[in-house]
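Please keep the sequence and the model in view while reading.

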Amino acid sequence: MPTSMPPITRLIILANVAVFVLELSGGAPFLARFALWPIGANFAPWQVLTYAFLHSSPGHIFFNMFAVYMFGGQMERVWGARRFAIYYAVCVMSAAVAQLIVCELMGSRQPTLGASGGVFGLLLAFALYFPRRRIVLLIPPIPMPAWLFV
């Protein structure tokens with residue numbers, strides 16, 4: 001099994017870290033422009049992609065990027081770089097559309113940020129391709145098959 005991180009997985013992680021550093025220096029105006037806002041509350045079309053590169057805290061970005069590293073690398077090795085990049089982008093944008101619908105139904109006017117939509121897409125793909133592979137939760141450390149974890 002290759003030990004180096006595949007290129008798109010590496011690019012996603014590096015881009016998220018770079019944007020997080022920009023976010024720390026850009027503050028509220030940066031979030032106002034690039035977080036996913038509900039339609040009618042500062043929404044702009046590019047936000048269906050840019051929100052996935054923003055994170056609320058060091059822990060938030062750490063766990064999201066840890067999941068991209070763990071599951072994204074595996075899926076990129078199976079699919080190849082192009083298919084993996086398309087899949088990840090579709091997951092991020094699909095999660096954004098779902099979030100916009102939920103915000104509209106709930107009447108929420110709060111922004112959304114984080115790579116969780118892409119991460120959950122990767123988890124789903126991983127469980128479909130490797131349903132019996134053992135995953136160990138971090139807290140508590142309980143081993144379980146991927147299908148059950150997801």
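Predicted model: local features only at pLDDT ≥ 70, side-chain atom pairs only at ≥ 80, totals over all residues.

**Helix α4 and its surroundings**

The buried residues of α4 pack against α1, α2, α3 and α5.

*Helix α4*

- The residues of α4 that count as buried are F84, Y88, C91, V92, A96, L100 and C103.
- Helix α4 covers residues 81-106, and its 26 residues should span 38 Å at 1.5 Å a residue, which agrees with the 37 Å that separates its end C-alpha atoms.
- After α4 comes G107, which has a positive phi, near 75 degrees.
- Apart from neighbours within four places in sequence, A81 is in contact with I8 and E76, whereas the C-alpha atoms of A81 and W147, which lie 66 residues apart along the chain, are separated by 24 Å.

*Packing of α4 with α5*

- Two packed helices are described by the angle between their axes and the distance between the axes.
- α4 and α5 cross in a right-handed sense.
- On the α4 side the contact is made by R83, F84, Y87, Y88, C91, V92 and A95, and on the α5 side by G117, G118, V119, G121, L122, A125 and Y129.
- Sorted by class, the residues in the contact of α4 with α5 are 10 nonpolar, three polar and one charged.

*Packing of α3 with α5*

- Helix α3 (residues 58-79) packs with helix α5 (residues 116-129) at an angle of about 40 degrees, and their axes are 9 Å apart.
- α3 and α5 are therefore oblique to each other, as only angles under 35 degrees count as roughly parallel.
- The crossing in which α3 passes α5 is left-handed.
- From α3, the residues H60, N64, A67, V68, F71, G72, Q74, M75, V78 and W79 meet S116, V119, L122, L123, A125, F126 and Y129 of α5.
- The contact of α3 with α5 comprises 12 nonpolar and five polar residues, with no charged residue.

- Most residues other than glycine have a negative phi.
- N42, although a residue other than glycine, has a positive phi, near 75 degrees.
- N42 is located in the loop that lies between α1 (7-34) and α2 (47-50), and with a relative accessible area of 45% N42 is partly exposed.

*Loop between α2 and α3*

- F53 has its place in the loop between α2 and α3, and F53 counts as partly exposed at 24% relative accessibility.
- With neighbours within four places in sequence left aside, the contacts of F53 are with A15, N16, V19 and F20.
- From C-alpha to C-alpha, F53 and A15 are 7.2 Å apart in space, while 38 residues separate them in sequence.

How values were computed: Residues numbered from 1 in each chain as written. Heavy atoms only, no water. Axes fitted to C-alpha atoms, helices over the stretch in contact; angles between N-to-C directions. Helix = DSSP H or I, 4+ residues; strand = E, 2+ residues; numbered from the N terminus. Parallel < 35°, antiparallel > 145°, perpendicular 65-115°, else oblique. Left-handed = near helix turned anticlockwise from the far one by under 90°. Contact = heavy atoms within 4.5 Å. Nonpolar A, V, L, I, M, F, W, Y, C, P; charged D, E, K, R; others polar. Buried < 20%, exposed > 50% of the residue type's maximum accessible area, 1.4 Å probe, protein only. Expected span 1.5 Å × (residues − 1).
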